[in-house]
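Trainee: Could you show me how to read a few features of a protein model?
Mentor: Gladly; let us look together.

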Amino acid sequence: MAVYRTKAKAMQRSSLTLAMAFLVSGAMAQAQQADLNAPVLVLLNGKILTMDGQSRIAEAVAIRDGRFLAVGDNTTIRSLAASGTRTIDLGGKTVVPGLIDTHAHFKAAGMSDYVVNMSRARTVADALEAIKQFAAKKKPGEWIIGSAWHPPSQLAEKRYLTRQEIDSVAPNNPVYLRTVGHFSMANTLALARAGVEKGTPDPGGGHFERDASGELTGVLVETAIDHVEKAVPEWTAADESRQFTIAQGVLNSYGITSVVEGATAARDIATLQRIAASGQSTLRVGLMFRPEPPAENSAWEAIIRGNGTSSGFGDDWLKLAGIKIFYDGGMTLRTALMRDAYPDSHDDYHGIAQQSPERLKELVSICNRLDWRVGVHVVGDRGIDQVLDAFEAADREKSIRDRRFILIHASLILPEQMERAKRLGLRVDFQNVFMWDKAATVERFLGKAVADRAVPTRTLIEKLGIDSLGAGSDFPVNPINPFLDIYIMVTRKDPNDHVYGATEAISREQALRLYTSAASHYMFDEDKKGSIEPGKLADLAVLSADPMTVPENQIKDIKADLTVVGGKVVFQR
Ligand SMILES: [Zn+2]
């Protein structure tokens, strides 16, 4: 493979190469000499968007040893096949490199047997009906857990459920409903199991919501969440393996072959390692390890020092990407930390930070000293100011410039902040899909002008260069479908065809690169992934339609018909 790769590189550098026939010379002769050198799989008669440096389009591809062996026209690729080669006729379909979602919490895709799916509820009545149906399958006393959701933007009533409402549909089970962050809901039995009662004092940094008569409503805010969370039983190891195995299959069904897990718990790393070790991986995973920062620096340092590993440790299936730290809240939650007070604020409210700027500097500095890359969840423009300050302080102690520290989301980043990010060699990994069904919520909380400048994709590309950027979903906060996100990047439209910030729209090719070639840089894998070129990992998706030419409003309906990871078919519609 090394030989092919070197030759392919050399050919790329030549300005004489043809648009189609960039097959490695010599490969053909070798293949005829021995089937041993023949591809195990060839795909013929397609429109292969290689996403290489020249945006070349090919007809066919050959795969061996989990990597692309050759890419070119039908005649040359067909001639490589031997008796043992499996051939797939693409029938003219479009092929793209395996898609890379640079920020998702993908285990959620494997939880349908384990948690109530709250994402479809549009009214309080819908939500209660979903809980009621799930409870019917459970024994009395068994915990019922909800999938992460966002009642204020999802429900017509724009509010959380109360304990009494949940009791009305599941009186005999403890019920605990997580949201996308900062709030949870518990029914009476769940509060009782957690030892929370009317007289329980509010913890620092959070509270148990109470009604006018002082009774608990069951809504838990910030640190109050932990009090009930602790009482929820953990899944068994077998359950967790099954959850992740189902989840990777769901992502494969969207053409996704790599993902960055956005905030990984130690238990989840262990589960993913078990799956990889047993040869069951069908999705390449980058891990943003997320320890909860303890109060003491020394305790944080002990966690980060860990067993001596740091970012980059792992292999092509499972690799440590960095340490994830949360800073502010979210633009869809009215908690993004903003320079300006919120429009409807009567108390000079600017949003929420989870720790002080000084504390953030300490956390980042310790990670940096121990060779860990850091990615910080940050959304609001004041939050971004403070994360940039922390990154600059760390950089003065020990350079971070070649290590691709990450602003995660950075939805409301401003042009001058992009310039600071550029000087620090940062990445920005964003999710335009926040401006889908939640766009109106952003507008309500922050005003139209801010909603229009949210996720400024075109400006980011201009200021940082596309390879320092990546797109993703933040699933399950948003839908996982990459083609919905690509549609939004191209159109800036919400579900009602309202356009937010038309000047920030980008081209279809740029949007696809944010899911392929640009995204591969997140894990320093640009020589291995993100394009269809000889020597790279054989990850690809065959699509139901061509994202470059399909009518614009149909981009979001594109599906993966076939997904290949490491040369193996892992999904077929
Ligand atoms: Zn996230």
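Trainee: Which residues in α14 meet which residues in α17?
Mentor: First, this is a predicted model, where local features need pLDDT of at least 70, side-chain atom pairs count only at pLDDT 80 or more, and totals for chains, interfaces and linings use all residues. Residues are numbered from 1 along each chain as its sequence is written, and side-chain values use heavy atoms, with hydrogens and water left out. Helices (H or I, at least four residues) and strands (E, at least two) are DSSP runs, numbered from the N terminus, and contact means heavy atoms within 4.5 Å. Here Pro 415, Met 418, Glu 419, Ala 421 and Lys 422 of α14 meet Thr 459, Leu 460, Lys 463 and Leu 464 of α17.

Trainee: Which residues coordinate the zinc ion?
Mentor: Donors are N, O and S atoms within 2.8 Å of the metal (3.2 Å for Na, K and Ca); water is not among the atoms, so sites may look incomplete. In this model, His 103 (NE2), His 105 (NE2) and Asp 474 (OD) coordinate the zinc ion at 2.1 to 2.2 Å. Their spacing in sequence is H-x1-H-x368-D. His 105 lies in the loop between β8 (99-104) and α4 (124-135), while Asp 474 lies in the loop between β20 (469-471) and α18 (482-491), so the pair links distant parts of the chain, 369 residues apart.

Trainee: Is Asp 474 buried or exposed?
Mentor: Buried means under 20% relative accessible area, exposed over 50%, partly exposed in between (1.4 Å probe, protein chains only). Asp 474 has a relative accessible area of 6%, so Asp 474 is buried.
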